[in-house]
Amino acid sequence: MKSVFVGRVFGSALLLGLCLSSGAYAQGAGGGRFGFTEQGGEAIFKNVCQGCHMPDAKGAVGAGMYPALAKNPKLETAGYPVAVIVNGQKAMPAFGGMFSDQQVADVVNYTRTHFGNNYKDKVTPADVKAARP
């Protein structure tokens, strides 16, 4: 159990370090909060998500397990990926404080309409705002 916790903390710290050093992460307008600067679902996926979920969104297994987003039936319910991105789940850190409502909506809509996913209903920034704690 301790090694899982250490792995999660290390993985989250590594991700944060990579983001800070990449220039894709900048001080946000929200009172010292930090956030990603990418705009649009494709740009967010390519610069943030594909590092773990892979460019083809098929996921990976190695130092951890990164689930496939490609042809993923869990994405059918739009609230599911919103909640996972905002709050985190298992080894995935919460990105809620790093993405705006618009950015979360954009990347959710992108992944739900690409990679063999064909879900038509759109997530709005208001949907994301309602999902935040």
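In this tour, buried means under 20% relative accessible area, exposed over 50%, and partly exposed in between, computed with a 1.4 Å probe and protein chains only. The model is predicted, so local features need pLDDT of at least 70 and side-chain atom pairs count only at pLDDT 80 or more, while totals for chains, interfaces and linings use all residues. Residues are numbered from 1 along each chain as its sequence is written, and side-chain values use heavy atoms, with hydrogens and water left out.

Of the 133 residues, 32% are buried.

Next, turn to the aromatic rings, of which the structure holds 6 pairs; rings of Phe, Tyr and Trp (its six-membered ring) pair if their centres lie within 6.5 Å, and planes under 30 degrees apart count as stacked, over 60 as edge-to-face and the rest as tilted.

Select phenylalanine 45 and tyrosine 110, a tilted pair with 6.0 Å centre to centre and 45 degrees between the planes. This pair joins helix 2 (residues 41–53) to helix 4 (residues 101–112), across 65 residues. Tyrosine 110 counts as buried because its relative accessibility is 13%, and phenylalanine 45 counts as buried at 1%.

Phenylalanine 115 lies in the loop between helix 4 and helix 5 (125–131), 70 residues from phenylalanine 45.

Finally, select Phe36, Phe95 and Phe99, which form one aromatic cluster.

Conventions:
Helices (H or I, at least four residues) and strands (E, at least two) are DSSP runs, numbered from the N terminus.
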